[in-house]
Amino acid sequence: MRAACRAAAAVLADVAAEIRPGTKTRELDDYAAERIARHGGRSAFLGYRKYPRQTCISVNEEVVHGLAGDRRIQRGDIVSLDVGVTLDGYIGDNATTVIVNECDKKTKKLVEVTKQSLYAAISCAVAGNRVRDISKAIQDLAEGNGFSVVREFVGHGVGKTMHEPPQVPNYVEPRRRSPELLPGMTLAIEPMVNAGTAAVKVLKDGWTVVTRDGQPSAHFEHTVLITDDEPEVLTWPEGKKFG
């Protein structure tokens with residue numbers, strides 16, 4: 001898991017550095033394929049449930065699962081980039097949202113709050129807590145700043161397959177029993193936060209998820225190991241513990 005996550009983190013950083021005005025999203029996806037191969041891995045997304053791209057590249061109102069194509073990145077866009085790498089049978093999964101040059105104040109705040117909600121969630125990812133503690137940290141920070149969290153798509157366990165138990169919602173489900181966090185669990189914690197309504201829809205391509213009101217959305221993700229001590233963020237290249 002550590003090796004796969006280090007590779008995923010390196011590829012995410014490399015591709016994020018190539019995001020600039022005029023670049024086609026397809027070019028970013030092709031570059032990701034090169035970088036993944038350089039690390040001796042393969043895309044964890046390509047072919048998963050028939051997904052047709054190496055990465056997920058979601059621009060502005062696109063929430064997740066954006067399909068790379070001929071769309072050119074523009075100044076002022078925000079680009080959510082999700083990279084998963086399979087290496088030696090294990091998966092590393094991570095995502096970031098990049099502001100292209102400069103954007104309006106509300107969107108900039110959205111990106112920062114989403115990032116901070118991920119960090120708040122990671123701080124709760126300790127043995128003895130429950131999944132709902134992670135969920136509450138994200139929801140409280142996002143909604144406390146006037147934003148909304150997506151309900152239809154959630155974080156998840158990850159290991160030898162892309163989606164493993166338990167689900168890790170970005171909001172509290174009061175009537176649902178919440179699993180306890182145990183040492184050895186590896187979780188993909190991934191807040192998806194919208195500037196406006198939480199409502200989303202899937203486009204006709206069958207994959208790209210967008211906000212129903214057309215307002216922007218941000219997405220950050222780390223793969224995190226629950227330990228006997230502090231959480232270990234596996235998708236930080238240095239593999240250091242959080243805190």
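These legends describe close-up views of a predicted model.

**View 1. Helix 3 packs against helix 4.** Helix 3 covers residues 105–123 and helix 4 covers residues 131–144. Their axes lie 8 Å apart, at an angle of about 155°. Angles over 145 degrees count as roughly antiparallel, and helix 3 and helix 4 are therefore roughly antiparallel to each other. The crossing of helix 3 past helix 4 is right-handed. Helix 3 contributes Val113, Gln116, Ser117, Ala120 and Ala121 to the contact. Helix 4 meets them with Ile134, Ala137, Ile138, Leu141 and Ala142. By class, the residues of this contact are 8 nonpolar, 2 polar and no charged.

**View 2. Helix 1 packs against helix 2.** Helix 1 spans residues 2–16, and helix 2 spans residues 25–38. The packing angle is about 145°, and the axes are 10 Å apart. Helix 1 passes helix 2 in a right-handed crossing. From helix 1 come Val11, Asp14 and Val15. They meet Leu28, Tyr31, Ala32, Arg35 and Ile36 of helix 2. This contact has 6 nonpolar residues, no polar ones and 2 charged ones.

**View 3. Strand 14 is covered on both faces.** The strand runs over residues 222–225. In a regular strand, side chains alternate between the two faces of the sheet. Here His222 and Val224 are buried on one side, and Thr223 and Leu225 are buried on the other.

**View 4. Strand 14 pairs with strand 9 and strand 15.** Strand 9 (residues 186–189) runs antiparallel to strand 14, joined by 4 bridges. Alanine 188 has threonine 223 of strand 14 as its bridge partner. Strand 15 (residues 232–233) pairs with strand 14 over 2 bridges, also antiparallel. Leucine 225 is bridged to glutamate 232 in strand 15. Strand 14 and strand 15 form a hairpin, with 6 residues between them.

Conventions: Residues numbered from 1 in each chain as written. Predicted model: local features only at pLDDT ≥ 70, side-chain atom pairs only at ≥ 80, totals over all residues. Heavy atoms only, no water. Axes fitted to C-alpha atoms, helices over the stretch in contact; angles between N-to-C directions. Parallel < 35°, antiparallel > 145°, perpendicular 65-115°, else oblique. Left-handed = near helix turned anticlockwise from the far one by under 90°. Contact = heavy atoms within 4.5 Å. Nonpolar A, V, L, I, M, F, W, Y, C, P; charged D, E, K, R; others polar. Buried < 20%, exposed > 50% of the residue type's maximum accessible area, 1.4 Å probe, protein only. Pairing = 2+ DSSP bridges.
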